[in-house]
Amino acid sequence: MSKFEKLLTKMLACPADFTYMELRTILKYMGYKEIEGVGSRVCFKKDVHKIKLHKPHPGKILKRYQIRLIIDELKKEGLL
């Protein structure tokens with residue numbers, strides 16, 4: 001099982017310890033580019049599809065609702 005597959009499996013389980021860097025690795029592997037916004041805002045863009053969120057701070061752990069929203073967005077695009 002590749003690193004991408006392991007991270008994807010972990011993300012789909014909506015763990016309480018999923019980091020922003022792990023999400024970034026998954027989305028970059030899927031072809032998304034990270035675009036920095038103002039403050040903690042960030043956008044991942046692939047063609048015309050965008051995934052917008054706030055970077056977690058002061059820690060590096062994403063909230064579960066953020067993970068669920070990202071999974072839903074990827075399912076809408078047919079990537080999951």
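Mentor: In this predicted model, the buried residues of helix H2, which spans residues 20-29, are Tyr20, Glu22, Leu23, Ile26 and Leu27.

Trainee: What puts them on the same side of H2?

Mentor: They cover an arc of only 160° around the axis, so they sit on the same side of H2. An α-helix has 3.6 residues a turn, so residues three or four places apart point the same way.

Trainee: Why does Cys14 count as buried?

Mentor: Buried means under 20% relative accessible area. Cys14 has 16% relative accessibility, so Cys14 counts as buried. You will find Cys14 in the loop between H1 and H2.

Trainee: And Asp47, is that residue buried or exposed?

Mentor: The cut-off for exposed is over 50%. Asp47 has a relative accessible area of 67%, so Asp47 is exposed. Its place is the loop between E2 and E3.

Trainee: What is the phi of Cys14, and what is the phi of Asp47?

Mentor: Cys14 has a positive phi of about 50°, and for Asp47 phi is near 55°. Most residues other than glycine have a negative phi.

Trainee: What kind of peptide bond joins His57 and Pro58?

Mentor: A cis one, with omega about 5°. Pro58 lies in the loop between E3 and H3.

Methods:
Residues numbered from 1 in each chain as written. Predicted model: local features only at pLDDT ≥ 70, side-chain atom pairs only at ≥ 80, totals over all residues. Heavy atoms only, no water. Buried < 20%, exposed > 50% of the residue type's maximum accessible area, 1.4 Å probe, protein only. Helix = DSSP H or I, 4+ residues; strand = E, 2+ residues; numbered from the N terminus. Arc of directions from axis to C-beta.
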